[in-house]
Structure formats: C-alpha cells, structure tokens
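Trainee: I would like to go through this model with you. Shall we take it one question at a time?

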Amino acid sequence: NNVELVSVSEGIRSSNKTGSMLFGIMVSIASFEKSVITERMMSGRTTKVKSGVRGFGSKLPFGYCKNTDGEIVLDDDNSKVVQYIFRKMNSLLKNSKLTKSKRTRRLLKLLQNRNFTYNGKPFTRWNVRDILNNTFYFGELKYGEIKTNHNYEPIISKRLFNQVCVG
C-alpha cells in the first residue's frame, strides 16, 4: 500500500526516516492525550456519582424526565405506571400457583388493558424486566462498582423493590 502521509503545515513527509519518526512521535502524543482525557472524564463521572448526581448517559429510566432547566424530575404519568408495575407484580407474587412467565404475561395484559405504553409502544417483557430490576427507582445510583444514594425523588420504596426482586 504505497501510501505517503504528508503534513503540509509542518513540512513533514512519511516517506523519509525523519518524517516517519516525527509522525510516530505525534501519534504517541495523541494517544497519551486521549488516555489523559479519558482518565479525567472517568474521574469526573465517579465524583458525580459519589455525590448522588446522574450526570452521564442520555436515556433516563422510564418514569423520569428532564425539566426545562435540565434537572431530572419525575414524569407524572409514567412514574405512576412504574408504581403500578411494582405494586401489581408484588400482588401477583402472592399467588404461588403462577410461574414467573405467567406473572409477566398477566402483568403485560393488565398494562395493555389500562392502555399504559412504554414510550408510545405496548410494553414488552423486556421493558417490565428492566423496570423491575432498576435500583434507580428506590433511590440507588450505580456506576461500575460504585453504589450510592441519588439526589432525585424515588418512585418506589426500597422495601417494595426488595419484595418484588426477591420473589
């Protein structure tokens, strides 16, 4: 692949030994700079998480939204759907004759009967599973190995979460 790299502004050509060495040095510096930036970003995210702030990721958990100031707040309608899902699953768990898949199907049917949707589409078992396993709903924020309480209004209690997750 006879390709030559030429930097017009620096007057460097990769076809000669000096140019090749300088390009190698420039690549090394760029790689180092990238790793420093990544390290600083991770440090900033870790600091935010430890202070209870969710300052990363674009998709908020279902039931939360951002207000006009960019703050994370409860979505009035969808937070009630999340509460409904946890309460119904908790009551379905009391029926020992229902298998896990039957409970989920029954919950999906109840959601459909109430015309509850997940971002405008019918709920799927994956949506329900993700909601029921998300600790953010009772006030826990996770990032890697870090777990802490977040600064936002929880939708459900930790007790209800534990009752549903244990079952």
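Trainee: In which helix does Phe32 lie?

Mentor: First, the ground rules. This is a predicted model, where local features need pLDDT of at least 70, side-chain atom pairs count only at pLDDT 80 or more, and totals for chains, interfaces and linings use all residues. Residues are numbered from 1 along each chain as its sequence is written, and side-chain values use heavy atoms, with hydrogens and water left out. Helices (H or I, at least four residues) and strands (E, at least two) are DSSP runs, numbered from the N terminus; on that count Phe32 lies in helix 1.

Trainee: Is Phe32 buried or exposed?

Mentor: Buried means under 20% relative accessible area, exposed over 50%, and partly exposed in between, with a 1.4 Å probe and protein chains only. Phe32 has 56% relative accessibility, so the residue counts as exposed.

Trainee: How does Ile25 compare on that scale, buried, partly exposed or exposed?

Mentor: Ile25 lies in helix 1, residues 17-50. Its relative accessible area is 41%, so Ile25 is partly exposed.

Trainee: Which residues make the nonpolar surface patch of about 360 Å²?

Mentor: Nonpolar side chains (Val, Leu, Ile, Met, Phe, Trp, Tyr) are joined within 5 Å, like charges within 9 Å. Areas come from the Shrake-Rupley method with a 1.4 Å probe, and for residues only the protein chains shown count as cover. The patch is made by Met21, Leu22, Ile25 and Ile29.

Trainee: What is the radius of gyration of the protein?

Mentor: The protein has 5 helices and 8 strands. The globule rule gives 15 Å for 167 residues, and the protein is well over that, so it is more spread out than a compact globule. The rule is 2.2 Å times the number of residues to the power 0.38, with the radius taken over C-alpha atoms. The value is 25 Å.

Trainee: Which residue stands opposite Tyr143 in strand 8?

Mentor: Two strands pair if DSSP finds at least two bridges between them. Strand 7 (residues 140-143) and strand 8 (residues 146-149) pair in the antiparallel sense over 4 bridges. Opposite Tyr143 stands Ile146.

Trainee: Where is confidence highest in the protein?

Mentor: pLDDT is the predictor's confidence in each residue, from 0 to 100. The protein averages 89. The lowest mean is 80, in strand 1 (residues 6-7). The highest is 97, in strand 5.

Note on methods
Patch = residues over 30% accessible without salt bridge, like charges linked within 9 Å, V, L, I, M, F, W, Y side chains within 5 Å. Salt bridge = Lys/Arg side-chain N within 4 Å of Asp/Glu carboxyl O.
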